[in-house]
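The text takes helix packing, then the sheets, then the surroundings of the DNA.

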Protein chains: 2
Amino acid sequence: MSRRAPAALAKHDADAAVFSALAHPTRREMLLILNFRGGTMSAGEIAARFSCRWPTVTRHLQVLERAGLLSVTKRGRTRVYRLKRRVLLDALDGWRRWFGASKPA
Amino acid sequence: MSRRAPAALAKHDADAAVFSALAHPTRREMLLILNFRGGTMSAGEIAARFSCRWPTVTRHLQVLERAGLLSVTKRGRTRVYRLKRRVLLDALDGWRRWFGASKPA
DNA sequence: CAATTAATTAGCGAGTACGCTAAATAATGC
DNA sequence: GCATTATTTAGCGTACTCGCTAATTAATTG
């Protein structure tokens, strides 16, 4: 086994936006809620589940989108956000792989 | 399958310090370096690998320690930091399990 | 086309994060 | 005990985060 961290740092940097996005509890909760509700929700449906105001929700969603964790499509006057589960899982698993053997869930 | 996120939010909150700690690239790199070097290093050995000044390193180490990701023991006039791999893995895996099936490595 | 609904953008203020230098503490060695 | 080595603590400035309210854009409806 290597004693160095060769590709780790490059990988690491690529996931920077994801880890920054995950730092805020509201954003983690948004990902969970999106996940439990099937992966797609309108901005309004999301906003309804949080106590902060709509502009604050919008900004959190933008952070998640810029991190590549959500995609958004306009449908009429609503905007539908979709969880990009694979991006989240890849970032998490990619990071996790550097530490210890994978766990049998 | 449940449509709600019951224990997810509690679990989530418990890992808040870990996710905050992981938000900074230097701290992620510290965890990687500690991992690749066997899990224990003195503050000085760690500091030597980063371009920021020693007090800055100290503070990052404290953040990691408060998140439960490192433990520290005094040995003479040096301080030895130890990676608490299990805490990191549990936080990561615990969060990850809410999303999709376990990965096909 | 005026009004309503859905959501964003603009911009502000308080708090936090992160870098730094200088000073302090703690253990070791002469 | 005085100097040296290892590390932390104190304190400062800049920059970013996150909440808010007010104003704006865009699509729908009467």
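An axis, as the word is used here, is a line fitted to C-alpha atoms, for helices over the stretch in contact, and angles run from 0 to 180 degrees between N-to-C directions. The model is predicted, and the values below are computed from it.

In chain A, the axes of helix α3 (residues 25-36) and α5(A) come within 10 Å and cross at roughly 75°. Since angles of 65 to 115 degrees count as roughly perpendicular, α3(A) and α5(A) are therefore roughly perpendicular to each other. On the α3(A) side the contact involves A:T26, A:R27 and A:M30, which meet A:H60, A:V63 and A:L64 in α5(A). By class, the residues of this contact of α3(A) with α5(A) divide into 3 nonpolar, 2 polar and 1 charged.

Turning to chain B, helix α3 (residues 25-36) and α5(B) pack at an angle of about 75°, with their axes 10 Å apart, and that angle makes α3(B) roughly perpendicular to α5(B). The contact is built from B:T26, B:R27 and B:M30 of α3(B), together with B:H60, B:V63 and B:L64 of α5(B); by class, the contact of α3(B) with α5(B) has 3 nonpolar, 2 polar and 1 charged residues. The length of α5(B) can also be checked: at 1.5 Å a residue, its 13 residues should span 18 Å, and the end C-alpha atoms are 18 Å apart, which agrees. Just after α5(B), B:G68 takes a positive phi of about 85°.

The next element to consider is the sheet. In chain A, 3 strands form an open sheet in the order β1-β3-β2, and the pairing is antiparallel. β1 (40-42) and β2 (70-75) of chain A stand at the edges, each with a single partner strand, so one side of each is left without a neighbour in the sheet. From one strand to the next, the twist averages 25°. The antiparallel strands β2(A) and β3(A) are joined by 6 bridges, and A:T73 stands opposite A:V80 in β3(A).

In chain B, strand β1 (residues 40-42) pairs with β3(B) in the antiparallel sense over 3 bridges, with B:T40 opposite B:R82 of β3(B). Strand β2 (residues 70-75) of chain B runs antiparallel to β3(B) and is joined to β3(B) by 6 bridges, and the bridge partner of B:K74 in β3(B) is B:R79. β2(B) and β3(B) form a hairpin with 2 residues between them, and B:G76 in the turn has a positive phi of about 60°.

Which residues come nearest to DNA strand C? Of the 19 residues around DNA strand C, they are A:G44, A:P55, A:T58, A:T78 and B:G76. The elements that give two or more residues to this surface are α4 (43-48), α5 (54-66) and β3 (78-83) of chain A, together with α5 (54-66) of chain B. The largest share, 4 residues, comes from α5(A), and the surface near DNA strand C divides into 6 nonpolar, 9 polar and 4 charged residues.

Around DNA strand D there are 19 residues, of which A:G76, B:G44, B:P55, B:T58 and B:T78 come nearest. At least two residues of the surface near DNA strand D are supplied by each of α5 of chain A and α4 (43-48), α5 and β3 (78-83) of chain B. Here the largest share, 4 residues, comes from α5(B), and by class the surface near DNA strand D has 6 nonpolar, 9 polar and 4 charged residues.

How values were computed. Residues are numbered from 1 along each chain as its sequence is written. Chains are lettered from A and ligands numbered from 1 in the order in which they are written. This is a predicted model: local features need pLDDT of at least 70, side-chain atom pairs count only at pLDDT 80 or more; totals for chains, interfaces and linings use all residues. A residue is near a molecule or strand if its C-beta atom, placed from the backbone, lies within 6 Å of it. Ala, Val, Leu, Ile, Met, Phe, Trp, Tyr, Cys and Pro count as nonpolar, Asp, Glu, Lys and Arg as charged, and the others, Gly among them, as polar. Angles under 35 degrees count as roughly parallel, over 145 as roughly antiparallel, 65 to 115 as roughly perpendicular and the rest as oblique. Two residues are in contact if their C-beta atoms, placed from the backbone, lie within 7 Å. The expected span of a helix is 1.5 Å times one less than its number of residues. Two strands pair if DSSP finds at least two bridges between them.
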